[in-house]
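User: I'm new to this one. Could you walk me through it with a few questions and answers?

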Amino acid sequence: MSERGKDQSGTASKIMRLAAVGTAAGVLVAGIALPAVGGAGLGIVSATNQLNLNPEELVEPPPAEVTVVQDARGREIARFYEEYREVVKLDQVAEVMKTAIVSIEDYRFYEHGAIDIEGTIRAFAKNLQADGVSQGGSSITQQYVKQVLLNSAETDAEKDKALEASYARKLNELRHAMAVEQKYSKDEILEKYLNIAYFGAGAYGVEAAAKRFFGVTAAELTLPQAATLAGAVQDPNATDPNLGAKQRERLLNRRNVVLNRMAELGKITTAEAAEAKATRLGYKGTKLPGGCEAGDYPYFCVYVRNEILKNPDFGKTAKARVAFLNRGGLTIRTTIDPTMQAAADRAIRKWVNPSDNPVAAEALVQPGTGAIKAMAASRAYGQNKARNEMSYNVVADATHGGGVGFQAGSTFKTFTLLTALNKGMKVNDGFSVGAGYTAPGYSSFKNCKGENIGDPTHTVTNDEGSPGWRTLQTGTWGSVNTFFMVLEQRVGLCDTVKTAKSLGIRRSDGLALQEYETFTLGTNEMDPVTVANAYATIGARGKYCAPMVITQITDRDGKVTEYEPKCRQALDPEVADAAADVLSGVFTKGTMRAVGGIGRDAAGKTGTTDSSATAWFAGFTPDLAGAVSIGDPRGAQKYKLNGVTIGGRYYGSVFGASIPGPIWKDTMLAALRNVEPTSFTPINSARFGGCGQSCRPAPPPSNDDGPDGNEQINIPLGGYGD
């Protein structure tokens, strides 16, 4: 029989001998006696008949570990955790730390088996005086068992049971401890104990504690530091240095107790103990890492967190997904590109101040993958109202921590344009429109349920009027409301809605899209991620890819799971090419002509809602797409963007080309600086007409109101505002 086997086989006999000694004195030893049922005091039971002294396997789920989130280059950007813990190997812990913890908690740890006989007798005497279990006398192995049972508890009742002061619990721990001693070496047990123990100040495990208390790793701990941590495990809440002066004084006293004990056992000299006791406590309170508010990319971080918590791919139940994220010890590689994120941040700061009431938000998405490369906003993310922080993810939908969003305005005209091209219209096909449009009857528009929803009582206008002949090109470049109302009537509202949905369009608040005749004017509330991704689909020649932020997850055991884009062909590639050709003219002959392009193939669409309640720009290249929104989160319909100062500049009215367009342009110039330009696939002129920008006719003169053209939206009473 091996030495460990002999040791374990003798554990029961040692306990029985201890029981006999205790019984001879008229009592039974703490840790193996059971309280009498229904009687006063401690009842004596027969150890030989009543005690089950066989080892009992301990289920050891891994302790909660920190999950690290990385950017696309592998740089850490955030941490999530239920318990701040970093598991380390025993050889990554300073020798003096091992010595200190063994000296104060279980100095015969390497000599005894699952139970420390002398420690148990000592505890037994104390318990007699208290008429209950006041002192545990537990070995390090028993303490490890207790921590495992506590960490495994899922309900308050289970946690109370793991902590209750009863002989039944002590006996149960002992059975598990016997099994643990059979399964692991002493060093392995000590390693597990040091990684699971709570030291106070929110630090679980010796590595996290060393960093939190002293700003060093566990391998770098000095004698006084090691003694401090060893002293903290006895009652980490009472000695939590983060709670105040009294707790720090208690911790200092505990440190000195540990130093005295180490000297008493000959582990250090008296002089070394005295020198260590003369030092200050030295608690640094290093800030715990993690949390989205603390990082450089808070809105993206919130998106990642919600993607895991809401996506069944990461767990069948909400509870399982929370555990996966906060306890899993994962390394999550994401899609965010630091260069592109910095470009978006700088562009927004240039045009909108954090103190402004209106908030600008931008998302960048890669065509062909759906990878979100940046998420930025003009305000910091957080709960501090005095600092004008945003308490929700203004860049994303409600599923990913966002809110109700802002009406997307004329960016939705693109979906009507796509529908018309798909139905066979050519880019130079058109018709005459007036200064106003009124539905000819209730049946002139049908939603996807087949219901008549035309409104012959309401007239859509072009503000100051822009009647005349308009084509798919000129109507888009001028963003003519009346043209797109007629166009939507001709191609069908439902088909336009279906086109939008095929590109991933859905309301930010998660409700069903509102299918009214003004759908093409962008009366549905959107978020920048959704709109940017829809435009990215056009840039990818009709290939829709669901927005993605996670590319790889490595679990605590080193297993790597790769995540690929989820894509489908949503549009005929040639239809997408034709739309890109038309939308590229927005920069040269349309509502963005005063802003200009970015020196490479690009296309996009401005958007402004009724009376400048909100403003947008969505645009794309084959390499990157982006959408920018601006609106007042206090209520866009109540606090419209008229007569406002934003970014230190006064605006009579804000349009899509006033702020969102320039933000998009500045972002793209910086984000794509080192990206080789990719050209759009030329339009199939035989199918769609046109011959590229070189031969496009100039649009007819109009009385466009401001740099954003004719895209004012008049919403009926009881309509679709924020």
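Here is a short tour of a sheet, a pocket and a cavity.

Analyst: This is a predicted model, where local features need pLDDT of at least 70, side-chain atom pairs count only at pLDDT 80 or more, and totals for chains, interfaces and linings use all residues. Residues are numbered from 1 along each chain as its sequence is written, and side-chain values use heavy atoms, with hydrogens and water left out.

User: Which are the edge strands of the open sheet?

Analyst: Five strands make up this open sheet, in the order β8-β7-β21-β20-β19, with antiparallel pairing. Strands (E, at least two residues) and helices (H or I, at least four) are DSSP runs, numbered from the N terminus, and two strands pair if DSSP finds at least two bridges between them. An edge strand pairs on one side only, and here those are β8 (372–377) and β19 (603–608).

User: Over how many bridges do β20 and β21 pair?

Analyst: β20 covers residues 615–620 and β21 covers 625–631. F620 stands opposite A625 in β21. The two strands run antiparallel, and the number of bridges is six.

User: At what angle does α20 run to β7?

Analyst: Helix α20 (residues 528–539) lies across β7 (359–365), β8, β19, β20 and β21. Contact here means heavy atoms within 4.5 Å. Axes are lines fitted to C-alpha atoms, for helices over the stretch in contact, and angles run from 0 to 180 degrees between N-to-C directions. On that basis, α20 runs to β7 at about 35°.

User: Which helix gives the most to the lining of the second largest pocket?

Analyst: A pocket is an open set of points on a 1 Å grid over the protein atoms alone, with protein on both sides within 12 Å along at least five of seven lines; lining residues have an atom within 4 Å of a point. The top contributor, with four residues, is α20.

User: How much space lies in the second largest cavity?

Analyst: A cavity is a set of grid points where a 1.4 Å probe fits but cannot get out, and its volume is the space filled by probe spheres set on the points, joined across faces, edges and corners. The whole structure has two cavities of 30 Å³ or more. Helix α5 (residues 140–152) gives the largest share of the second one's lining, three residues. The space in that second largest cavity is about 40 Å³.
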